[in-house]
Amino acid sequence: MLIIWGRLNSHNVKKVAWAAEEMDIAYERRDIGGAFGFTDAYLAMNPNRLIPTIEDDGLVLWESNAILRYLAARYGGPGFWPADPAARAVGDKWMDWVFGYADAQRDAFVHLVRRAPAERDMAAVAAAAAASGRMMQRVEAALAASDWLSGERFGLGDIPMGVYAHTFFTLDIDRPSLPRVEAWYRRLTTRPPYAANVMIPLT
Ligand SMILES: N[C@@H](CCC(=O)N[C@@H](CS)C(=O)NCC(=O)O)C(=O)O
């Protein structure tokens, strides 16, 4: 059975657990990283000292987007892994674009969620909110062309950004008007695997 290593309050672990459930893959998730620390056995699988890592049928794999692509190619069928490379590329680019978005949003999350109020740098929070709001305008523009970042149907390309969108809409930050992103986020919230793995308290 697929094993997903990583604490669920990690954005990158949420991606993998959510995707596995969307694809109906049976899995066991094991907490590690953050407050759980690491074991030597884990670090032998993933010397980066990062989560997530998966074990599947003899394969050990790290890097969350590589994991998503592997799961989609192996288990997702054409809905998650279109045979046509051009169709696949529509959502694929958003998966990697999101790493830049994560950098933009990071300080807002870290200071508002992981730091005590007295230790928060609110100027850094405001700068991160402004930067992520600007990047969200690109998502807003993309959603004018189709309901999903993956195209006409929900797909892999919606997963990384969907994880960060929950944080964006949950943090107490200033946000620009983003009606299409809000509608897309509302559509995500109706998906049970999203509710179960992503819409959990930010910690
Ligand atoms: N590019 C890596 C980044 C992984 C990453 O930065 N993971 C964070 C959590 S989101 C981590 O492992 N932090 C250290 C820890 O949890 O101990 C991926 O996508 O898998």
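User: How is the chain divided into domains?
Analyst: This is a predicted model, and its chain splits into domain 1 (2-80) and domain 2 (85-197).

User: And how far apart do the C-alpha centres of those two lie?
Analyst: The C-alpha centres of domain 1 and domain 2 are 21 Å apart. Where the domains touch, domain 1 puts in 22 residues and domain 2 puts in 25 residues.

User: What area is buried between them?
Analyst: About 2000 Å² is buried between domain 1 and domain 2, and carbon and sulfur atoms give 61% of that. On the domain 1 side, the residues that lose the most area to domain 2 are His11, Trp18 and Arg69, which together make up 37% of what that side buries.

User: How many salt bridges does the rule find across that interface?
Analyst: Three salt bridges turn up across the interface of domain 1 and domain 2. As for Glu22, that residue pairs with Arg191 in a salt bridge, with the closest N and O atoms 2.8 Å apart.

User: What about polar contacts across the interface?
Analyst: The rule finds eight residue pairs in polar contact there, both residues being at pLDDT 80 or more.

User: Which elements give two or more residues to the domain 1 side?
Analyst: Those are α1 (11-22) and α3 (64-80). Helix α1 gives the most, with nine residues. Sorted by class, the domain 1 side that touches domain 2 holds nine nonpolar, six polar and seven charged residues.

User: Back to His11. Where does that one sit, and is it buried or exposed?
Analyst: His11 is in helix α1. Its relative accessible area is 11%, under the 20% cut-off, so His11 counts as buried.

User: What does His11 touch?
Analyst: Leaving out residues up to four places away in sequence, His11 touches Gln105, Phe109, Val163, Tyr164 and Thr167. With Thr167 there's also a polar contact of 2.8 Å between the two side chains.

User: Switching topic: where is Met161?
Analyst: Met161 lies in helix α6, which covers residues 159-170.

User: Buried or exposed, and why?
Analyst: Met161 is buried because its relative accessible area is 0%, and buried means under 20%.

Methods
Residues numbered from 1 in each chain as written. Predicted model: local features only at pLDDT ≥ 70, side-chain atom pairs only at ≥ 80, totals over all residues. Heavy atoms only, no water. Domains from an automatic or database assignment. Contact = heavy atoms within 4.5 Å. Buried area = accessible area lost by both parts, 1.4 Å probe. Salt bridge = Lys/Arg side-chain N within 4 Å of Asp/Glu carboxyl O. Polar contact = N/O pair within 3.5 Å; in protein donor to acceptor, adjacent residues only side chain to side chain. Helix = DSSP H or I, 4+ residues; strand = E, 2+ residues; numbered from the N terminus. Nonpolar A, V, L, I, M, F, W, Y, C, P; charged D, E, K, R; others polar. Buried < 20%, exposed > 50% of the residue type's maximum accessible area, 1.4 Å probe, protein only.
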